[in-house]
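Subject: Structure for you to look at

Hello,

Here is the structure I said I would pass on.

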Amino acid sequence: MPFSPFHLVHGNEARGLVLLADHARRDLPEEYGSLGLPPQQFERHIAYDIGVEHLTRKLAVMLDVPAVLGGFSRLLIDPNRGEDDPTLIMRLSDGAIIPGNNPMPEAEHQKRVNDFYRPYHEAVADRVDAVAKASGKAPLVISIHSFTAFWKTTPRPWHAGILWDSDPRAVLPLIKALEADPQLVVGDNEPYDGALRNDTMFKHCIVPGLAHALIEVRQDLIADETGISEWADRLAPILEAINADPDMHVVRQYGSRTGPLEEV
């Protein structure tokens, strides 16, 4: 597949649902080589969200909805950060020094923003707008991520976590549906807090008032086709039911725990 800052999965835009996968791929443009890293580093979570591309593609097909996948490694630039976030381009990630990011001249920083980060977010905005026009209502936006089974040496007990800021509309039914399975440990803003100013959900959902949720699945559970199919089969009917709720398709402002939206 040729390099692109984003990849689109086509689906029925009139269904009113958009899937996103910020960290779906670990690609780098040819001019960047491997950023000076050995190949094994691109097998790790520091390069991409393991399992997420195939899970998102499978869900998009099952639900017949469009999806936007990030087309570049987060080691190049992280699309799920604000442009002013100091972790936008990492110099050190979970013990790995990234030679191609050290040093980071301002001109190169801006080039990556212009050439990769902004085109991805423009593709997300275009897809959300297209779904709004086709469905005649505010879209529901679901973002798919994955997290490591251990942080350092500490095991993470959650099978999945739902991250959010202040809008509970899609979040609460999603958590409730997952918790209906007694075998699952479900995190509410675990293993991370979903309130991150100017990240993807903030930019495309919180500010315009769209219902949304970010789903984190533990990486060891979607590391192969069996696990991916299991989680797609689990999530698809839940998302189908949530998307059928009219309240998911109304613009409503809930603000942000990160501060006033007027300051954006």
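A cavity here is a set of points, on a 1 Å grid over the protein atoms alone, where a 1.4 Å probe fits but cannot get out; its lining residues have an atom within 4 Å of a point. Grid points are joined across faces, edges and corners, and a volume is the space filled by probe spheres set on the points.

The model is predicted, so local features need pLDDT of at least 70 and side-chain atom pairs count only at pLDDT 80 or more, while totals for chains, interfaces and linings use all residues. Residues are numbered from 1 along each chain as its sequence is written, and side-chain values use heavy atoms, without hydrogens or water.

There are 2 cavities of 30 Å³ or more. Of its 13 lining residues, D167, I206, H212, Y254 and G255 lie nearest the centre. The second largest cavity, of about 30 Å³, has L8, V9, H10, G11, E13, P66, A67 and R127 in its lining.

The largest nonpolar core has 40 residues. Such a core is a set of buried Ala, Val, Leu, Ile, Met, Phe, Trp, Tyr and Cys residues joined through side-chain atoms within 4.5 Å, buried being under 20% relative accessible area with a 1.4 Å probe, protein chains only. L55, I142, I162, L174, L178, I215 and W231 touch the most other members. A second, separate core of 36 residues includes I46, L76, Y120 and V124.

Regards

Key:
Buried means under 20% relative accessible area, exposed over 50%, partly exposed in between (1.4 Å probe, protein chains only). On a 1 Å grid over the protein atoms alone, a cavity is a set of points where a 1.4 Å probe fits but cannot get out, and a pocket is an open set with protein on both sides within 12 Å along at least five of seven lines; lining residues have an atom within 4 Å of a point.
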